[in-house]
Number of protein chains: 2
Amino acid sequence: MPTQSKSTRRNAFYAQSGGVTAVINASAAGVIEACRRHSRQIGKLYAGRHGIVGALTEDLIDTSRESAAAIRALRQTPAGAFGSARYKLMGIEQDRAKYERLIEVFRAHRIGYFFYNGGNDSMDTALKVSKIGAELGYAITCVGVPKTVDNDLPVTDCCPGFGSVAKYVAVSTREAALDVASMARTSTKVFVLEVMGRHAGWIAAAGGLAGKRPGDAPHVILFPEIAFERQRFLERVKDSVTRYGYCVVVVSEGVKGTDGRFLAEAGSTDAFGHTQLGGAGPEIARIVKEALGYKCHWAVADYLQRAARHIASKTDVQQAYAVGKAAVEFAVRGQNAVLPVIVRKSSRPYRWTIEAAPLEAVANVEKKVPRDFVTDDGFGITAACRRYLEPLIAGEDYPTFKDGLPVYARLRNAPVKRRLATEFEV
Amino acid sequence: MPTQSKSTRRNAFYAQSGGVTAVINASAAGVIEACRRHSRQIGKLYAGRHGIVGALTEDLIDTSRESAAAIRALRQTPAGAFGSARYKLMGIEQDRAKYERLIEVFRAHRIGYFFYNGGNDSMDTALKVSKIGAELGYAITCVGVPKTVDNDLPVTDCCPGFGSVAKYVAVSTREAALDVASMARTSTKVFVLEVMGRHAGWIAAAGGLAGKRPGDAPHVILFPEIAFERQRFLERVKDSVTRYGYCVVVVSEGVKGTDGRFLAEAGSTDAFGHTQLGGAGPEIARIVKEALGYKCHWAVADYLQRAARHIASKTDVQQAYAVGKAAVEFAVRGQNAVLPVIVRKSSRPYRWTIEAAPLEAVANVEKKVPRDFVTDDGFGITAACRRYLEPLIAGEDYPTFKDGLPVYARLRNAPVKRRLATEFEV
């Protein structure tokens, strides 16, 4: 790699996109530290304030103003330290003005590298930016950084963000199950935990790790991939209460009835046009109480699950950092329109490596839980699923604590001086 | 203390009562290990299977069958390892048959010590058992072991179980707040976390520890002690979104309107006649969305919060163990109808000790959050409250992990051979 003079070095841009995770900042730390190590090729690294919105509005953050200690703290900080955005760019023809604006801002700030940290939609955006760059004759190296708690990206074995939410759900299910088991004789007999996962049941599946022996909770998992059959479900709950004295249900927010409709629809949609869900848990509890009369409790973990850095998976933190670092290394090697993916070499012992995959292969594709990961009755996980999931929640990576609370990074997030006279409304 | 011969030594009975906590088993470990050390005075320690129900039905567990290692593991295991019960004994005249049955079972098993691990109601029961024992001429030393996540016991400075749920809520609030802050530009602007606390707002108050600086989340705390005023609340939410871009609300399940009615009533009641709540969180989110149009998310932690041994407060674990141990020490010194309470000697540095208090002083009294712990506007905690709460969440006491999950004790729970021919229906 030839050393580039300061004047020919180009800057880089990093943005967080979509729902944040407990470890997306670990990816940010990976990107930032790798950029600093590759200072011969990369000048400054700018972050978008609130993701791609920051690029469109020329609201950039100068990450060079953050200390090395702050970036180390970033590794143990949940959520998006620069702000994320639910802001989908459509096709180039449809949203041409936005793509052209991106290139205008990149050109103004001599940005030659675009690192986009997100899920399926974001990989699609990164791909389109690389195309518009080529079309407009502006050289831009676009590399995705995979992130999503939903674990629904194809190609990669798993997706950073997922391991930690999986660990949170498995731990919480195990703990709450002990609670219910100890109370069931005279009080709550059925406990329902609603977890995230709009179309893919990976997070719900992780609840299955809580139990090891026959009869252990959770007794029922409801996946979005398996149509909810009320009568069969109720029979299973009744059977569990009869046999074990209690029943723990883990339900995905995205569970659907045999008619294909979400069990609980909040009725509103997000910026990507996805229906905003919430309420599958209370709905399931209502169904059980009405039909069987058992005292039920329900919990909806919502953001607590994806922000729970205090119980992050060490494997997940390492992978999140590794994909951030790898993205920069791919870029300086000149690899364009790719993203780092995790390749599993073995499950026991767990061995993995990072490879480059084309953005094209990942953009807008959802990977669902395969049928052979779900037991025949549709209510549990198979040994194959367990073998897949177990390494992803392995290890603890506790943040440092002060006065009983985790110490999370507070960045300066200093703005980069604007160079464009034009405003852009998003 | 004179050594008693094996034949004059009397056995002990321990029962867990009411809603379980992350550390009630640490109290159990304290009781068991102290009984083992006092084997000159105390014979076997029996536990009630499902609390007092186990005593009434003569379903006793022989704790001497558990290994020392199992009892050490118990210290790090949430929920009630012997089973708890929501089963209130009424006045002696009203429930005379039950009290007489208890004495019958105690007599049959030569039980001379009664350790009852619970909250206000349970301290009342322990007191009544000591009275009925005296009335029937059966010598029984009754000692309470305080426990409740609600922290609503009087006399004691705090109550084991509370510190850990407080830590869970403070940590979760801090984490979820970072999530919302990073998404608010284009997505969720208001996040509502519903926490436990039927009549006392201690747990909601603990959410206030998440923030340190002005503008930090949570921006609004809704206490059951402060009547909910819709308009004032909405103004505060709007102000927070305008100033900081987002708003985090921590709401107690027991929040009531100015008419004195619970904001969300599930409509059913538990064994103690308390209304079973749930839904204040979604109700608050609905109110905000309807009035202000902000995108809202809500979480209901429910049992996750009180079972969360993985993020237990070290202080709380130590105190839970200490009150269990002290209860046995009081009993062998012949102190009757008392319970160990925690006395704060200083806040900074935190110093505490254990003393004996009469059950009479604690039974059926609820300690609410005092008005001077709540800011004048009713939406936050004062410096005095913070000074009170901070030491209670201090320190981490992580359980051991295996394969990514906490290792929780599984006891043998071997039954004690029945000695009575009579059955008792509960």
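This is a predicted model: local features need pLDDT of at least 70, side-chain atom pairs count only at pLDDT 80 or more; totals for chains, interfaces and linings use all residues.

Biologist: Where is A:Ala81 found in chain A?

Modeller: A:Ala81 sits in the loop of chain A that runs between α3 (68-74) and α4 (96-108).

Biologist: And what does A:Ala81 touch, not counting residues up to four places away in sequence?

Modeller: With those neighbours set aside, A:Ala81 touches A:Asn25, A:Ala28, A:Leu74, A:Ala409 and A:Leu411. As for A:Phe191, which is 110 residues from A:Ala81 along the chain, the two C-alpha atoms are separated by 35 Å.

Biologist: Switching to A:Ala29, is that one buried or exposed?

Modeller: A:Ala29 is buried, since 26 other C-beta atoms lie within 10 Å of it and the cut-off for calling a residue buried is 20 or more. A:Ala29 belongs to helix α1 of chain A, which covers residues 24-37, and, leaving out residues up to four places away in sequence, A:Ala29 touches A:Ile71, A:Leu74, A:Arg75, A:Tyr321 and A:Gly324.

Biologist: Stepping back, how many helices and strands are there in chain A?

Modeller: Chain A has 13 helices and 15 strands. Its radius of gyration is 23 Å, close to the 22 Å that the globule rule gives for 426 residues, so chain A is as compact as a globular protein of that length. Of those 426 residues, 60% count as buried.

Biologist: What about the largest nonpolar core, which residues have the most contacts inside it?

Modeller: That core has 296 residues, and the ones with the most contacts inside it are A:Phe13, A:Phe115, B:Phe13 and B:Phe115. If we leave aside neighbours within four places in sequence, A:Phe115 is in contact with several residues, including A:Phe13, A:Tyr14, A:Val31 and A:Ala327.

Biologist: Then how many residues of chain B are in contact with chain A?

Modeller: There are 57 residues of chain B in contact with 57 residues of chain A. On the chain B side, the elements that give two or more residues are α6 (162-183), β11 (296-300), α10 (303-307) and β15 (405-406), and α6(B) gives the most, with 13 residues.

Biologist: How does that side of chain B split by class?

Modeller: The side of chain B that touches chain A has 31 nonpolar, 13 polar and 13 charged residues.

Terms used
Residues are numbered from 1 along each chain as its sequence is written. Chains are lettered from A and ligands numbered from 1 in the order in which they are written. Two residues are in contact if their C-beta atoms, placed from the backbone, lie within 7 Å. Helices (H or I, at least four residues) and strands (E, at least two) are DSSP runs, numbered from the N terminus. Ala, Val, Leu, Ile, Met, Phe, Trp, Tyr, Cys and Pro count as nonpolar, Asp, Glu, Lys and Arg as charged, and the others, Gly among them, as polar. A residue is buried if 20 or more other C-beta atoms lie within 10 Å of its own, exposed if 12 or fewer, and partly exposed in between; C-beta atoms are placed from the backbone. The radius of gyration is taken over C-alpha atoms; the globule rule is 2.2 Å times the number of residues to the power 0.38. A nonpolar core is a set of buried Ala, Val, Leu, Ile, Met, Phe, Trp, Tyr and Cys residues joined through C-beta atoms within 7 Å.
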